[in-house]
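Let's take a walk through a protein structure together. Have the picture ready, and look for each residue as we come to it.

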Amino acid sequence: MDTQITLPTFDVERVRADFPILSRTVHERKGKPGKPLVYLDSAASAQKPRQVIDAMTRFLEEDYSNIHRGVHFLSQTATDQFEEARRKVARFLNAPSERNIVFTRSATEAVNLVAHSYGRTFLSEGDEIIVSVMEHHANIVPWQLLQMDKGIRIRVVPVDEHGVLDLNAFEDLLSDRTKLVAMTHCSNVLGTVTPAKIIARMAHERGVPVLFDGSQAAVHGVVDVQDIDADFYIMTGHKLYGPTGTGVLYGKYDLLKKMPPYQGGGDMIESVSFEGTTFKAPPARFEAGTPAITEVIGLGVALDYMESLGREAIAAHEHDLLQYATQQLSQVDGLRVYGTAPGKGPIISFTLEGVHPHDLGTIVDQYGVAVRVGRHCAEPLMERFGVGATARASFALYNTRAEADALVESVIAVKEFFGA
Ligand SMILES: *Cc1c(COP(=O)(O)O)cnc(C)c1O
């Protein structure tokens, strides 16, 4: 992609004006003004634009009601808006139909849904699931629960020192025992984007379905589930500038159709009797109980917002920030970046020699700079790189080069503080 052509059309100051929280300051003290917020923790959760906040407020003030069950006016209009959000998600992922889209509470719940419903039905003792060493715990622990239950094995694809997935090792791990590949599409620590289309093709050659954890990939790039040929694809709404309490499971319909319910309750049944209960077709089969109605509608508006800016333009802007920030940070003596895969997402994990990441995070916060520190829900990866913790700066569509400078200045201040 030619960033020179795309960049001038992306007016980051105008974009920032859409996010009320970005104009606040932090750490104001009596008589002393606060520091402007430099929010570099969007990989943990992204801020929300006015459009999303307003849409949710408007829905609550004017149209709110429960969905799917009512014949009255409000219930029907609320249902229409909820189902419209499903169509928006389908378009966002280029899914063949909105019937492929299941709403969950989070990415975590989406993985658990597949592990419970698909995993417990179609996997048995001795079967293998292949994951990578850079998975978020959300794409590890549900499989470990399945392991305890069913006696399956979890095989792990390594990464090299740059954080690039070892495709040869993946090829070697694929066997007749492999029953599922569950792989991140973008690492929340290293930023590594995995070659989803190639992974899917290699797995499909052996008839193995593939689940991608797109929690980070979907926000930084254009995802086309049909082009990838993903069997399952997972997103989390709050990292897509939408509200918490919203997650997405995309599934190929023939797979969803043969999967039993994950949870039982209202809205997922055809009929209930004590002699036997019949279930609705997907996606309703997997949406027991009242969903996060307002929030799902908010998520739809968040996706509209991203589309209105242009997802290619967002990606180009973030790529520029990644390159600039990486270049500036690498001039700091003793700073080490983890994850240097080509084509990576705008996530920079780093350590500073002689300084604990928690101390670094606490001090840069005094300068208004919000970064994440710790293990980032990816302990096996931390072990792979032999670090207890890192600091992580993650960039979003509303960040600026000036904010990257603020990060570097605050890191230099940390260095001076510790004499490191
Ligand atoms: C954040 C994240 C998750 C979990 O998302 P939740 O919203 O907490 O369920 C899973 N995988 C990756 C790669 C993530 O970044």
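Predicted model: local features only at pLDDT ≥ 70, side-chain atom pairs only at ≥ 80, totals over all residues.

Residues are numbered from 1 along each chain as its sequence is written, and side-chain values use heavy atoms, with hydrogens and water left out.

Lys239 has a polar side-chain atom 2.7 Å from an oxygen atom of the ligand, and Ser215 places a polar side-chain atom 3.4 Å from a nitrogen atom of the ligand. On its own the ligand has 380 Å² of accessible area, and the protein covers 89% of this; such areas come from the Shrake-Rupley method with a 1.4 Å probe, and for residues only the protein chains shown count as cover.

Who else is around the ligand? The residues there include Ser106, Thr108, His136, Asn188, Asp213 and Gln216, where being near means having a heavy atom within 4 Å. Sorted by class, this shell has two nonpolar, eight polar and two charged residues. In this sorting, Ala, Val, Leu, Ile, Met, Phe, Trp, Tyr, Cys and Pro count as nonpolar, Asp, Glu, Lys and Arg as charged, and the others, Gly among them, as polar.

Find Gln216 in the loop between strand 8 (210-213) and helix 9 (217-220); helices (H or I, at least four residues) and strands (E, at least two) are DSSP runs, numbered from the N terminus. Is Gln216 buried or exposed? Gln216 is buried, because its relative accessible area is 3%, and buried means under 20%, exposed over 50% and partly exposed in between (1.4 Å probe, protein chains only). Leaving aside neighbours within four places in sequence, Gln216 is in contact (heavy atoms within 4.5 Å) with Ala43, Cys186, Ser187, Asn188, Lys239 and Ile347.

Next, some details of the backbone. In the loop between helix 3 (50-63) and helix 4 (73-93), His68 has a positive phi of about 65° although it is not a glycine. Asn94, in the loop between helix 4 and strand 4 (101-104), also is not a glycine and has a positive phi, of about 55°. His68 is partly exposed, at 33% relative accessibility, and Asn94 is partly exposed at 34%. Elsewhere, a cis peptide bond with omega of about 0° joins Pro282 and Pro283.

Our last stop is Pro380, in helix 15 (residues 379-384). The C-alpha atoms of Pro380 and Met134 are separated by 7.1 Å, although the two are 246 residues apart along the chain. Not counting residues up to four places away in sequence, Pro380 touches Val133, His137 and Ile140.

Technical notes. Polar contact = N/O pair within 3.5 Å; in protein donor to acceptor, adjacent residues only side chain to side chain.
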